[in-house]
Amino acid sequence: MCCDDQSHSQPVPGRRAALGFLAASLVTGLGACAVPITQTAQSTPVPNSPTRGPLEAEPLTIGDAPSSGAASPSISATPSAAKKRIRRSFIPDYSLPPIQGGLAPVITKIPTAHPVVFLTIDDGVVKNPEMVQLMAQYDYPATLFLTSSTVRDNPGFFTAFKAQGSLVENHTVSHNVKMATQWSYQQQLADIQGMQQFAQQQYGRTPVLFRPPGGAYSNAMRKAVADAGLKAIVTWEAKANSGRMDYQYGNSLRPGDIVLMHFRQEFAADLAAFRQAQLAAGLEVVLLENFLGVA
Ligand SMILES: [Zn+2]
């Protein structure tokens, strides 16, 4: 599961989709300690929100925040309040394009004026408790594109990421990186549906986003994705890989970037590279599903 690196020449119809406004607000992390694991004082919380931009709404708490006293944003100013999950909200300035002609839209980057970045983590081959700890320490919500054949040995490992607001999405059963070119529509549909069912059974939610193995897609795949009940194909233009950032455009993260990572042995180094880039760019990590209003 190492080959999500091949979409550079992919068409990107979703990028130019019409902008719109959604009424729903969304949220992201500021606190750092609402974690399901044992975490002591030496794990210094590091706020995941360098600045507030002009388009951001007032801070909010989210539904899964600890209830006791977390309603006031001012709490975050005190050390004790670091244990409260305080989340800022943004007024989304982008709407997911609808399914047209039976084909799911393809999203590679979110065109937004907000200082946000979206973290996606794929496959699920390596399952190291340190991964959960790091995500909790940074309070990063992420979109987890899991492959059932690689997480089936320990699907429960990924439920721990829910504490940061992460969601499981569809990265197929097989991870056949040639499925878009080798498989029929029916074969692709069956594979995609298999992961839909697995995710529902294991995580209690049916995915709404799909990431093609290797990043390659076709109209047959777009149709299969739509027919399986998913709302969009999500690729990327930046990735954290081998302990460094790799950009398809430019040399830094941009607002609205969708970043690819993997559950690999080098997870800590990759996440450190991402964090450095995220802070340098002044962006806040927001859950993609929240921004799209499809959580
Ligand atoms: Zn993959």
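## Burial and overall make-up

Of the 295 residues of the protein chain, 48% count as buried; a residue is buried if 20 or more other C-beta atoms lie within 10 Å of its own, exposed if 12 or fewer, and partly exposed in between, with C-beta atoms placed from the backbone. The model is predicted, so local features need pLDDT of at least 70 and side-chain atom pairs count only at pLDDT 80 or more, while totals for chains, interfaces and linings use all residues. Residues are numbered from 1 along each chain as its sequence is written.

The protein chain holds 7 helices and 13 strands. Both kinds of element are DSSP runs numbered from the N terminus: helices are H or I with at least four residues, and strands are E with at least two. Among contacts in the protein chain with a separation of 6 or more, 76% come from residues 24 or more positions apart. Here, two residues are in contact if their C-beta atoms, placed from the backbone, lie within 7 Å.

## The nonpolar core

The largest nonpolar core has 67 residues, and Leu119, Leu144, Val225, Ile233 and Val259 touch the most other members. Such a core is a set of buried Ala, Val, Leu, Ile, Met, Phe, Trp, Tyr and Cys residues joined through C-beta atoms within 7 Å.

Take Ile233 as an example: beyond its neighbours within four places in sequence, Ile233 is in contact with Ala104, Val106, Ile107, Phe210, Pro212, Tyr217, Arg222 and Val225.

## Helix H5 and its surroundings

Helix H5 spans residues 219-227, and its buried residues are Met221, Arg222, Ala224, Val225 and Ala226. The cover over the buried residues of H5 includes strand S4 (106-107), helix H3 (179-182), helix H4 (185-203), strand S8 (209-210) and strand S9 (232-234). After H5 comes Gly229, with a positive phi near 95°.

Ile99, in the loop between strand S3 (87-90) and S4, touches Ala104 and Ala226, not counting residues up to four places away in sequence. The C-alpha atoms of Ile99 and Lys223 are 9.1 Å apart, although 124 residues separate the two along the chain. Ile99 is partly exposed because 17 other C-beta atoms lie within 10 Å.

## Two helix pairs

Two packed helices are described by the angle between their axes and the distance between the axes. In this model the axes are lines fitted to C-alpha atoms, for helices over the stretch in contact, and angles run from 0 to 180 degrees between N-to-C directions. Angles under 35 degrees count as roughly parallel, over 145 as roughly antiparallel, 65 to 115 as roughly perpendicular and the rest as oblique.

The axes of H4 and H5 come within 9 Å and cross at roughly 40°, which means that H4 is oblique to H5. On the H4 side the contact is made by Tyr185, Gln188, Leu189 and Ile192, and on the H5 side by Ala220, Met221, Lys223, Ala224, Val225 and Asp227. These contact residues of H4 and H5 divide into 7 nonpolar, 1 polar and 2 charged; Ala, Val, Leu, Ile, Met, Phe, Trp, Tyr, Cys and Pro count as nonpolar, Asp, Glu, Lys and Arg as charged, and the others, Gly among them, as polar.

Helix H1 (residues 129-138) and helix H6 (residues 267-280) pack at an angle of about 15°, with their axes 10 Å apart, and are therefore roughly parallel to each other. Glu130, Met131, Leu134 and Tyr138 of H1 meet Phe267, Ala268, Leu271 and Arg275 of H6. The residues of this contact of H1 with H6 divide into 6 nonpolar, no polar and 2 charged.

## Positive phi in two loops

Most residues other than glycine have a negative phi. Thr172 has a positive phi near 75° and is found in the loop between strand S7 (167-170) and H3. Thr172 is buried because 24 other C-beta atoms lie within 10 Å.

Ser242 also has a positive phi, near 55°, and its place is in the loop between strand S10 (238-241) and S11. With 11 C-beta neighbours inside 10 Å, Ser242 counts as exposed.

## Asp246 in strand S11

Asp246 sits in strand S11 (residues 244-247) and is partly exposed, because 15 other C-beta atoms lie within 10 Å. Leaving aside neighbours within four places in sequence, Asp246 is in contact with Ala238, Lys239 and Asn241. The C-alpha atoms of Asp246 and Val259, 13 residues apart along the chain, are separated by 9.4 Å.
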